[in-house]
Structures are given as structure tokens and as C-alpha cells.
Amino acid sequence: MLDEILVGDVLHRARLGGADFAELYVERWRRRALRVLSGEVKEATSGIEYGAGLRLFYGTEVVYAYTNDLSPERLLELTETLVKLKGSAGQVDTQGQGGLDFRKAVAQGLHTPAIPFTARDKRYRLERVREAEAGAQVSPQIKQVQSNLMEWEQEVLVANSDGKWAEDRRVRTRLYVTAIAQDESGMQTGVVGPGLSVGLELFDRYSPAEIGRKAGMQALTNLRAKPAPAGSMPVVIGNGFGGVIFHEALGHLLETTSVAKKASVLSDKLGEKVASEVVTYIDDGTTPHGWGSSEFDDEGLPTERTVLIENGVLKSYMVDRLGGMLTGYRPTGSGRRQDYTFAPTSRMRNTYIAPGSTPREKLFEGIEYGLYAADMGGGQVRPGSGEYNFAVKEGYIIRNGRIEEPVRGAMLVGKGPESIKRIVAVSDDLEMGPGMCGSLSGSLPVEVGQPHLLISEIVVGGQA
Amino acid sequence: MTFEEARDYLLQKAKALGIDAEVLATHTRELTIQAHGGRVEEITQATQGGVGVRVVVEGKTGYAYSEERTPEALDWVLQEAHENALLQSETGGFLPAGSELGRHDLLGEGLSAPLEQKRQAALELEAGLRADSRVKQVQMTRYSESETQATLGSTQGVAGAFRNGYALLLTSAVMAEGSSLKQGYEFDLSKEFHTLEPGRTVQAFLQNTGRLLGARPLKTGRYKAYFEPKAFGQLLGMMGWFLLSAKNVLEGKSLLAGKIGQKVASEIFTLVDDPTLPGGLASRPFDAEGTAAKRTVLIENGILRTFAHNSETAQKMGMENTGHAARSYKGVLGIAPTNLFVQPGQGVKMDEGIVVTDLMGLHAGANPISGEFSLQALGLKVEGGEMAYPVENFTVAGNFLELLSRITALGTELEWNPMMGIVGAPMVEVAELSFAGA
């Protein structure tokens, strides 16, 4: 995307200015978004995002600059400005030889889409979205359906003063359907939104009509649901997107961003038992076509499969370059950023609790009164205290081992390190679900996942 | 190509193709200085901008944008915008006629202090926090500033530009006392760098987070709630604005649809949005379509007076355009608040209940369509008119419109918060809400 000599020049000038390490990140996005509400195209947008981020290290001190003027003059000027911003503390390397000899890493096409961004016209896309909408009309009580189709194509180049040069092309497609059901008691929503690192073949993997139908059914369930109970009780969390609880309550605590500053309650705990022994927790950036997969991370390292917790014992953190320097842990290909406007930090990719051996039905046996959180919404965590909260999107009361009436508005709250010790059984039905994760380096596509599992006690915030 | 050249290129091409077009170009400069462990840990300097077009073809509206400003990229933008427009089934789209709006500077020299002073501000904030032995970790401390220039032009004659910006001190840290840990944050936001005082932000943090240490579980039940301005501002910015946006009303998502002139809140509740507020952080001379700024009373003594409109929603609903059009170069025409605030009242006298100091998880736990919320909160138990002790691990739940109608008292002082837009609120007393804890 950028001339090799220019890239070499920028990195070399940064080193001359005293930086120990320099990294240039260049990207170009093409994006399309289509929002259809009740049959009408409400928004159809397209866009090009194009820019570069330059990161310099002086020891572990970082300066970062970004711009979307990528002319040679402006890029070199930016480099000079950045070096000056740092002041004169750095060692000036007047002996620098320049002319970096880049070792080029080429993506193997592990996640290359079958149907590229440029294929098919806009009418084709609109027809698929309309199928989803028709699928959601499961009852006259479905008053509205909103569908969002998002397509991204991102070309990335990462080059650094160690001679690394990595290029990647990432294509992602997601269809997100929200159904609204209404009766005299009020309005409720159902949301289903599969997404993968694929092109329009997403519609072959997930039929639009089926996506719509699921969203419609969930809205209907919530409509007849009663307000959730409040109090402390056993909770069975459903598979797939249910994994968001451990993304929040556990995953964020294992990123070196928090660990290096000892801002995570799980800092300095490698080799220690931090969870119940039925818990094995994995972050995998290599899953073919995974929503959170890529061949290289945003620091140019190949992504990998990282076992974070094995049978309850903490095995690894998620480590980026800076996190690695600060903690001494080996980088795990976890350096990610939303786009060129962010410096990378350690982030999750596709993170899940590995399957266990308890059959799903057994989880419910023996629960006198509890909550079945069949599907989850988003949540939040404060890594310093481990306090988290997240919303139940589809929930049911468990009574004497049986799944009974639906409830809505439940919020699960607690402290992550306590909750993972209270996982008493894990089923074998692992599923993944896509989401967007917001943190220091922006909003990123990630998958969360888990099999059905049982937590012995958790605070449910409800209204009743 | 510069941004203005890109704007002119797009307008000329559009005219040649016989397409009505509106071009918005923004250019932002940002500086962030992050302190950690007594030194500057990270400095980010940024320039970012782009051009976005809204076109109307045969009464149909389409959008596209680019950050790359080459003729090829801009030609792609016009072509995609044109195709996007033709996908619409809805006709009746139009671009408002406009005029020369002039160039305005709402920032002046507010950010012109030397870099060294800004580094010091970040370092002093961090050092001040560390000086208190109860502060266990300082997770993030930063000074940041932002300066934006926006340029608007259309084939219908709109032309104008303005410059605005702010300076911000922000910190997030953990305090500990015994086995009790609390993470909190604090900020100070201003259009003038020299009005920021790190020492004041340190004191505010120690006060606001320190008082939550040693929190006890809260017994599940119904309590009177006293929302502090920050907590109420979060709820209002998230739920209130959603309900008042005419776009959501037209899309059938607002519980306030059809309620103009009706009582929707307690009679002591008046809600205003004012882009003309002198020195207001979200003040601006005109909106994203070139409609001149004016003050709007949305809810007056509990009565819903108007929704917030842009030209499109105003025409569809046959109401007056309140000038709330909002658009980033990447986005589509929307509706956004400027300086949104609750008119202060006669004061709050506490007796029994819960002071809600902060809310968490709003994106997941507050559903503006149903109006229902169930949110993790931090707070203090009030007994016999005094703040008795802090409470934790609980949620507060209810329906936002019911909450508005149950407001029984409002504090006398307005406090501005930038958490969910720029929202101002006093202390808000609510008769009774459901709290879930141990």
C-alpha cells in the first residue's frame, strides 16, 4: 500500500531521532452498510477509510501519531513532529545505516472470502436482507423488524524497525436483525446477528430467513416474559453468546494492558488455580473465518491459539509487544486496534470456555429455584475490582430442575474471580457468537463462546 | 487535495451530473498525554478528517464518504452515494435550501498553552493521586485536547464553517481500605486549558471514590433514590434523548410518540437543549444541515412540548425544525443534542433511601425502546437524613418514564457531564425504585 523506500525512510528517521523501536501501520478500508426498517431502506452508506499510525518506543515510553494524509512529505513531517514531541531525552543514533532490509510475511489466505467485496450488486444484498425481514414475521405481534448488513474489507500493512513487514487482507460480513414485538403490555426486542470473516457466503452458512425467524421468536418470548426476580441464586448460562460473561469477567483481566499495571486482580498468578477445575479457557485467533480471526495481529505477528486457563490453572495472559516488554511474557499475537487512530494493545480474538463432560440436561437437575440465561446481551467490567454486570437477553425460571416461564430485564452482577470459582459444571455443546468489544484500542470484532454451564450462585438484578 | 478542495470537487461533479448534494468535511487535531508511574507514558498526536456526501436523486437519499482525497476515491464516493440513493424505496427526500452562514471560531486561544504545561498537568494529576495511601493503582491518567474544523456546503447554497474544541483531564484509579476495593474515575472538561486544575480533580476523585470504600451489601427492596448529577446525566443522555429524537418517534421506537402537550414527567421537571449557551461545550452556530442554532424547551413543567427535529423529520411530522441535525462525515443524517440540561429546582432534603452515585453497563442494561432499565450502581445508604454507609453489588431497576413522573425534588445546582453527550443535571430525588442486592 505504501512504497517500501518511503516506509523504510520513515522508520529510519524515527530511529535517528532516538527511538528504540519504530512501527508504521497503514490501512485502507472499504465499508458498506445497509439498514432496512420494515421493508424500507433507511440507510445505505459506503466509505473509504485510509490512514497511517506511527508508533515509537523510547524504552517502554510510547509516542503515537496518526494521520490520513499519506503523502511522503506529510509522513516525514509527522515523523519529525513526533520525535520533537518526545523532546530530547532519546539517544540520537547518528550511526544508523538506513535502508531496512524487510523480511516480508505474506498472508496465506486462511480467511479469504469465497465471494469478494466487489461481487454481486446492491439489489442482491437488499433481497437477502428482505428475506431476513420476512423470516422475522412469526406473529402479528411482531410490529417492526430492523436489519443491518455490514461489509468490511481492510487491507493492512505493518512494518517496523526490526525489519518486519506483514500484509493482511481481512474481509468481514455480518447481518444483524432486531425484531420488536408489541402488545398492550409494551414492547420487547429480539436480536440475532451472525458474522464471520467471510464475504456474502455468510448467507449460505446462515440462511437470512432463519436469522430473522430466531429474532422474531426471541422478541415474542420476551413479550410474554414476566419481570425477572431479584436476589442470589444458581444460574445456568446458555451456550454461544452466553460466553460474554467470561469475556467480561475473566478475559479482560488476562490482557497485559491490565496485568502489566497490576490493575488486574489476576496479575502475577501464572500457575495458580484461579478457577474451578472444570474450566479451560482459550483465546484463538486462528479459527478459520472466525469473526475475530486474522492471519497477523496489528503488530504484524502471526495470530495463535492461546490456552489461558487449563483445568482451572492460569497458563498464559494475552500479550502484545508493549505488554511483553513490561511483563517479560512472550507476545501471543494479541496486539489489536480498531483502526489507525489507535495504538495497539493486548486484546481478545475468539475466546471460549472449552467443552466439558456434563450432559446439558444434568446441569438443571437439582436446581430448586434458579435462572436459565439462555441468551446474553452485552456487559461491562472494572478490571481493578473484577466487578462486572451484564444483561440477560432471553431468560427463564428454573424450578425443580425444569425450565419454566420466561423472564425479562434480568441483570447478572458480581465479581469475576469469584464467579469463575463457582462454575460447578460445564456441558459439551460449545458454540461461538460474534460481538464487538470496546476497550483502550477501540472497538473490535471478537467471538465469545462456551458450552452450557452452571454457576452455583450469582446475584440477579431484576424488578420483582 | 485539501478538504475544501475536496468539497468543491464533489459539489462541481454533482452539479455536472445533475445530482443534489451536500458535502460535510471535518478536520480534527488531537493531542493526548498519558502519565503513568511518575512519567509520561504515551503521547498521541493526531490529524484526521474526511468528506462525506449526502445526495438526493429522484427524491431518494444516499450517502458515502472518504478519508482518501484523490479524484478516484471521490469519484467512487459519488458513484456509491448515487447507487445507495437508488436503493431507497422512500421518495420525498430533499436538501434544505440554505445560505452563506459565515465562518465562526468558538475556541479561540483556549488550547494555545505550551506542550510542557500540558505534560505537567497530566503528571501532577497522577502524582496527586499517588500521594494518597488509599490509592492502590492509578490505571489511567491523561490530558487530552481536541480541535475540530467543520465545513459545510451544498448545491442548494448552504456554505459555512466553524471551529471548536476542548481540553480534558481524566483519570481512573483504584482505592483500597482493608479488603474493600473501589475503582472510580474523575474528569474536568473545559474550553480553556488554563482553567483545568489537577489538584481539584485529585480532590474530587478522592472524595467521590473514597466515600464508597467499605461498602456493604444492600438488602433487596424498594427505596427512595437520590441520583447524583453524574448518574442522572448518564441515564438522561442514554434514555431521555432516545425518546425525544423525532427520528425514533417516526420509526415507532419512542414511548413518547403522540404525547405532545401531555404530561410525561413530574411537574417540577423541565428539560432544555441550548446550542447557544455561551461557553457551552456543545455550543455551535448551526447544525449539520446549516439550520441556525436556537434554544429548545423539550419538556416544560412535565409537559412534552416538542421532539428534537432535523429538516427531514420536521417536514414529515409537520412540525417546526428545532435545528438538531447531526452528521459526521462517515455517518448519515441523524438527530443529536447539544447542551442538554434539566432545569435546577428548589433543593433536595434527604431522609431515607439510596444515593446513586454512578451507573454502569448502560449499553446493555438500559433499553430505551421499552424504557426499562436494570443497572449496576454504586451508592450510599441514607438513614435519618444522613449518609450512613456505602453500598455495593446491587442494581437499580425501573422504567424511565415512570422514574420521570416520580421525581419529587431537584437540587439547586447544575452539574455538566460529558459521559453521554454534554448533559447537565442537578441532584434528582425519585419517590421509589426497585433495588436488587444480596
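In chain A of this predicted model, A:Met411 stands opposite A:Gly461 in S24(A), strands being DSSP runs of E of at least two residues and helices runs of H or I of at least four, numbered from the N terminus. Residues are numbered from 1 along each chain as its sequence is written, and chains are lettered from A in the order in which they are written. Local features need pLDDT of at least 70 and side-chain atom pairs count only at pLDDT 80 or more, whereas totals for chains, interfaces and linings use all residues, and side-chain values use heavy atoms, with hydrogens and water left out.

Strand S20 (residues 411–415) of chain A is joined by three bridges to strand S24 (residues 453–461) of chain A, the two running antiparallel; strands are taken to pair if DSSP finds at least two bridges between them. Five bridges link S20(A), again in antiparallel fashion, to strand S18 (residues 387–399) of chain A, where A:Phe390 stands opposite A:Leu412. Four of the five residues of S20(A) are buried, that is, under 20% relative accessible area, with exposed meaning over 50% and partly exposed in between (1.4 Å probe, protein chains only). The loop between S18 and strand S19 (402–408) of chain A holds A:Asn400, which has a positive phi near 50 degrees without being a glycine and counts as exposed because its relative accessibility is 59%. In chain B, a positive phi of about 50 degrees is likewise found at B:Glu58, which is not a glycine and lies in the loop between strand S2 (39–57) and strand S3 (60–66); its relative accessibility of 62% is why B:Glu58 counts as exposed.

An open sheet of chain A comprises six strands in the order S13-S12-S11-S16-S23-S22, with mixed pairing. Its edge strands, S13 (313–314) and S22 (431–439), each pair on one side only. Within this chain, strand S11 (residues 281–284) runs antiparallel to strand S16 (residues 350–353), to which three bridges join it, and A:Ile282 stands opposite A:Tyr352.

Grid points are joined across faces, edges and corners, and a volume is the space filled by probe spheres set on the points. Three cavities of 30 Å³ or more are counted, and the largest cavity holds about 90 Å³, with a lining that includes A:Arg32, A:Glu151 and B:Asn84. The second largest pocket holds about 700 Å³; of its 32 lining residues, the closest to its centre are B:Glu186, B:Asn208, B:Lys230, B:Glu415 and B:Asn417. The largest share of this lining, seven residues, comes from S7(B).

Definitions and conventions:
1 Å grid on protein atoms, 1.4 Å probe; cavity = no way out; pocket = protein on both sides within 12 Å on 5 of 7 lines; lining within 4 Å.
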